[in-house]
Amino acid sequence: ARAKVRNERIGFIFQAFNLIGDLTVLQNVELPLTYRQNMGADERRKAALHALERVGMSHRVNHHPAQLSGGQQQRVAVARALAGKPAILLADEPTGNLDSRNGEAVMNLLRELHREGATICMVTHDPRYARHAERSILLFDGRIAEESASSQSIRDLEESGFHIEH
């Protein structure tokens, strides 16, 4: 039951990509969807192709991971996580191997997913991308050193009737 929930509700973007070298880009993105009992091959392929379009990798569907740059592999890993339309997306350094233009594109995509209702939990060491978060937790030696919410998040909560101590 946990594996089913993980497969159908949670998306993962791994720092080390975890792409399978013997599979094409399209096959790598489709793979997690093959475990969904209620998703046929045509629907799986459409979802994978749509996710690859969203990350700008639809022109590489027949390539293998070794034929891609690190940034391209990361975008394929992002597409694999997006293809299943997860309610929760766990992202470990999703921009770590990307140049600033592609990093911003991935952050815009994550923001779009969040606006569509997904919860995004992202680990990053890059303050440029941490600023995108509605809530930030700074860890130091495995302990919470600081916690903050963005100004907009605080305003949204206060408008909803929550009292926030400043």
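This report describes the fold, the strand pairing, the salt bridges and a surface patch of one predicted protein model.

**Basis of the description**

The model is predicted, so that local features need pLDDT of at least 70 and side-chain atom pairs count only at pLDDT 80 or more, whereas totals for chains, interfaces and linings use all residues. Residues are numbered from 1 along each chain as its sequence is written, and side-chain values use heavy atoms, with hydrogens and water left out.

**Overall architecture**

The protein contains seven helices and five strands; helices (H or I, at least four residues) and strands (E, at least two) are DSSP runs numbered from the N terminus. Read from the N terminus, the order of elements is α-β-α-α-α-β-α-β-α-β-β-α. Of the 166 residues, 34% are buried, where buried means under 20% relative accessible area, exposed means over 50%, and partly exposed lies in between (1.4 Å probe, protein chains only). Among contacts with a separation of 6 or more, 61% are between residues 24 or more positions apart; a contact means heavy atoms within 4.5 Å. The accessible surface comes to about 10500 Å², and carbon and sulfur atoms contribute 51% of it. Accessible areas come from the Shrake-Rupley method with a 1.4 Å probe, and for residues only the protein chains shown count as cover.

**The parallel sheet and its helices**

Three strands build an open sheet in the order β1-β2-β3, with parallel pairing. Its edge strands are β1 and β3 (119-123), each of which pairs on one side only. From one strand to the next, the twist averages 10 degrees. Two strands are taken to pair if DSSP finds at least two bridges between them.

Strand β1 (residues 10-13) and strand β2 (residues 88-92) are joined in the parallel sense over four bridges. Within this pairing, Ile-10 stands opposite Ile-88 of β2, and Phe-12 has Leu-90 of β2 as its bridge partner. Helix α1 (residues 2-9) packs on the sheet, where it touches β1 and β2, and its direction makes about 70 degrees with that of β1. Helix α4 (residues 70-83) also packs on the sheet and touches β1 and β2, but its direction makes about 175 degrees with that of β1. Axes are lines fitted to C-alpha atoms, for helices over the stretch in contact, and angles run from 0 to 180 degrees between N-to-C directions.

In a regular strand the side chains alternate between the two faces of the sheet.

**Salt bridges**

A salt bridge is a side-chain nitrogen of Lys or Arg within 4 Å of a carboxyl oxygen of Asp or Glu.

| Glu-30 | Arg-44 | 3.9 Å |

Glu-30 forms a salt bridge with Arg-44. This pair links distant parts of the chain, with Glu-30 in helix α2 (residues 25-30) and Arg-44 in helix α3 (residues 41-54), 14 residues apart. Both Glu-30 and Arg-44 are buried.

Glu-116 lies in the loop between α5 (100-115) and β3, and Arg-54 in helix α3, so the pair ties together parts that are 62 residues apart in sequence. Glu-116 counts as exposed at 55% relative accessibility, and Arg-54 as partly exposed at 26%.

**The antiparallel hairpin and the nonpolar patch**

Strand β4 and strand β5 (residues 143-149) run antiparallel and are joined by six bridges. The hairpin has two residues between the strands, and Asp-141 takes a positive phi near 50 degrees.

Ile-137 belongs to strand β4 (residues 135-140), and its bridge partner in β5 is Glu-147. Because its relative accessibility is 42%, Ile-137 counts as partly exposed. Together with Leu-139 and Ile-144, Ile-137 forms a nonpolar surface patch with about 300 Å² of accessible area. Patches are made of residues with over 30% relative accessible area and no salt bridge: like charges are joined within 9 Å, and nonpolar side chains (Val, Leu, Ile, Met, Phe, Trp, Tyr) within 5 Å.
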